[in-house]
Amino acid sequence: VEDTVFPLKLKAIILDIIHDIDVLNQLKQNQVNSTKEWYWHKQLRYYHEDGKCVLRMCDAENKYTYEYQGNDPKLVHTPLTDKC
């Protein structure tokens, strides 16, 4: 099992890091310096409040439910998939 899971974990981590770098570059390029700006507000953000994890994106807010979704192959993050 470990031989098949490790490559999936590694690919997922690499894709997430590449996406995070792209998001940071967008924030820098758009000179975002406030949490009230759209380019910050549209990102999926995690907050720790009252001992719970809360996820926010735009006007949506959900409590993190710690559901394990498995380690499936990931869709590559692109500007187009971010819009979806």
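Analyst: Start with strands and their pairing. Strands are DSSP runs (E, at least two residues), numbered from the N terminus, while helices are H or I runs of at least four. Two strands pair if DSSP finds at least two bridges between them. In this structure, E49 stands opposite K52 in β2. The model is predicted, so local features need pLDDT of at least 70 and side-chain atom pairs count only at pLDDT 80 or more, while totals for chains, interfaces and linings use all residues. Residues are numbered from 1 along each chain as its sequence is written, and side-chain values use heavy atoms, with hydrogens and water left out.

User: Which order do the strands of the open sheet have?

Analyst: The order is β1-β2-β3, in an open sheet of three strands with antiparallel pairing. β1 (45-49) and β3 (60-63) are the edge strands, and each pairs on one side only. On average, neighbouring strands of the sheet are turned by 30° against each other, direction ignored. Such axes are lines fitted to C-alpha atoms (for helices over the stretch in contact), and angles between N-to-C directions run from 0 to 180 degrees.

User: How many bridges join β1 to β2?

Analyst: Five bridges join these antiparallel strands. β1 and β2 form a hairpin, with two residues between them. Look at D50 in that turn. Its phi is positive, near 50°, in a residue other than glycine. D50 lies in the loop between β1 and β2.

User: Is D50 buried or exposed?

Analyst: Read the relative accessible area (1.4 Å probe, protein chains only): under 20% is buried, over 50% is exposed, and in between is partly exposed. D50 is exposed because its relative accessible area is 82%.

User: How many bridges join strand β2 to β3?

Analyst: Four bridges join β2 (residues 52-57) to β3, and the two run antiparallel. Now follow the residues across. L55 faces N62 in β3. R56 stands opposite E61. M57 stands opposite A60. β2 and β3 form a hairpin too, with two residues between them. C58 lies in the loop between these strands. It is not a glycine, yet its phi is positive, about 55°.

User: How many salt bridges does the structure hold?

Analyst: First the general idea. Side chains of opposite charge can pair when their charged atoms come close. A salt bridge here is a side-chain nitrogen of Lys or Arg within 4 Å of a carboxyl oxygen of Asp or Glu. The structure holds two. E49 pairs with R56, with the closest N and O atoms 2.9 Å apart. R56 also pairs with E61, and there the closest N and O atoms are 2.8 Å apart. Together, E49, R56 and E61 are linked in a network of salt bridges.

User: At 19% relative accessibility, does R56 count as buried or exposed?

Analyst: R56 counts as buried because its relative accessibility is 19%. E49 is partly exposed, at 31%. E61 is partly exposed as well, with a relative accessible area of 48%.

User: R56 lies over the face of which residue?

Analyst: The test for a charge over a ring takes NZ of Lys or CZ of Arg, within 6 Å of the ring centre and within 35 degrees of the ring normal. R56 lies over the face of Y47, at 4.6 Å from the ring centre.

User: How many disulfides does a search of the whole structure find?

Analyst: A disulfide is a covalent bond between the sulfur atoms of two cysteines. The search counts cysteine sulfur pairs within 2.5 Å. It finds zero in the whole structure. Two cysteines are still worth a look. C53 counts as buried because its relative accessibility is 17%. C58 counts as partly exposed, at 28%.
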